[in-house]
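Here is a short report for a first look at this structure. Keep the model open beside the text.

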Amino acid sequence: EKRARLSAMRAAPALLAALCAASAAPSFAAGARLHPRTFLATAALRAVPSRPALEAPAPGPVETAREVWRMTRPQNVPFAIGLVAVGTRAARLHGAPPPDLAQLALVTALVCVTTSTSALANDYYDFLGEADALKETRALVRGAVTPGAVKRVLKWSYGAFLAGLCLVRGPGLRLCIYANTLATLLYTRHFKPLPGVKNALCAAVIATAVAVGAAVPAGGVLPGLAASWPVVVVVGLGMWHREMVMDVGDAAGDKAAGVRTVAVLVGPRRALALSVAPLAVAAAV
């Protein structure tokens, strides 16, 4: 009986080592001959819970301001200013008097606010709807800026926009500028999921900047539109073509994100062929 107990005691370390080897990391090959103490130490380390990853520090005010500025796509602002100037020039060529420079500067500033806030609102609602999950370069996805910071900037921007809108002369022009900005705010949540509609809406918003620029010297939206309608139509149809072509390039990412565009529904080649239609009409005009 004593010999049996001694044999069991001598076999205990080997049995314990075998059990530890079975529960150790996969990197230890089965049947590897290591000292029991090594297996015990390894098992003990594996049993200790790992420390949670340290959270990234919140972005500071300077970093937040820089990222928000980039999110507004400032490279689009000169284009918006140019569209307003083209509309003003078209009205002048049709006999409109010289514009009020203060009103023209105010209207141009409001168009620039619409251009910048449209990019911010699009990124914000894309992030909330997880449509940006595959776009790791976006600031919100990278965590370089918080959704709360973007929302605050949008609130203050829209507040300044409404204050400036009250100084615009003419209810028709005020309504036109307001409707344009409202459309960009509702775009991501309501119009972007509609194939084809999103392209037409973007084109209409951009082309309206020409009509707004013409309305200042012409004294109203309708007289300004009458003086600049060929330019408005050409710009709108050209931007419609451009938006459809951009969707063709983003077809793979949009399909993975569940965004239904014309390129996703009919295929890139057919969508590219369809995009020629508005371009052909613009060339005819």
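Searching the whole structure turns up one aromatic pair. Its partners are Tyr124 and Tyr125, and the arrangement is edge-to-face. Their centres are 5.1 Å apart, with 75 degrees between the planes. That angle counts as edge-to-face because it is over 60 degrees. The model is predicted.

How accessible are two of the residues? The table gives relative accessible areas.

| Residue | Relative accessible area | State |
|---|---|---|
| Tyr124 | 10% | buried |
| His241 | 18% | buried |

His241 is called buried because its relative accessible area, 18%, is under 20%. This histidine sits in helix α10, which covers residues 221-249. Which residues does His241 touch, leaving aside neighbours within four places in sequence? They are Ser275, Val276, Pro278 and Leu279.

Now to a pair of helices. Two packed helices are described by the distance between their axes and by the angle between those axes. Helix α5 spans residues 101-128, and helix α9 spans residues 197-218. Their axes come within 9 Å. They cross at roughly 165 degrees. Angles over 145 degrees count as roughly antiparallel, so α5 and α9 are roughly antiparallel to each other. Their crossing is right-handed.

Which residues make the contact between α5 and α9? From α5 come Gln103, Leu104, Val107 and Val111. From α9 come Ala209, Val212 and Val216. Six of the residues in this contact are nonpolar, one is polar and none is charged.

How values were computed: Residues numbered from 1 in each chain as written. Predicted model: local features only at pLDDT ≥ 70, side-chain atom pairs only at ≥ 80, totals over all residues. Heavy atoms only, no water. Phe/Tyr/Trp six-rings, centres within 6.5 Å; stacked < 30°, edge-to-face > 60°. Buried < 20%, exposed > 50% of the residue type's maximum accessible area, 1.4 Å probe, protein only. Helix = DSSP H or I, 4+ residues; strand = E, 2+ residues; numbered from the N terminus. Contact = heavy atoms within 4.5 Å. Axes fitted to C-alpha atoms, helices over the stretch in contact; angles between N-to-C directions. Parallel < 35°, antiparallel > 145°, perpendicular 65-115°, else oblique. Left-handed = near helix turned anticlockwise from the far one by under 90°. Nonpolar A, V, L, I, M, F, W, Y, C, P; charged D, E, K, R; others polar.
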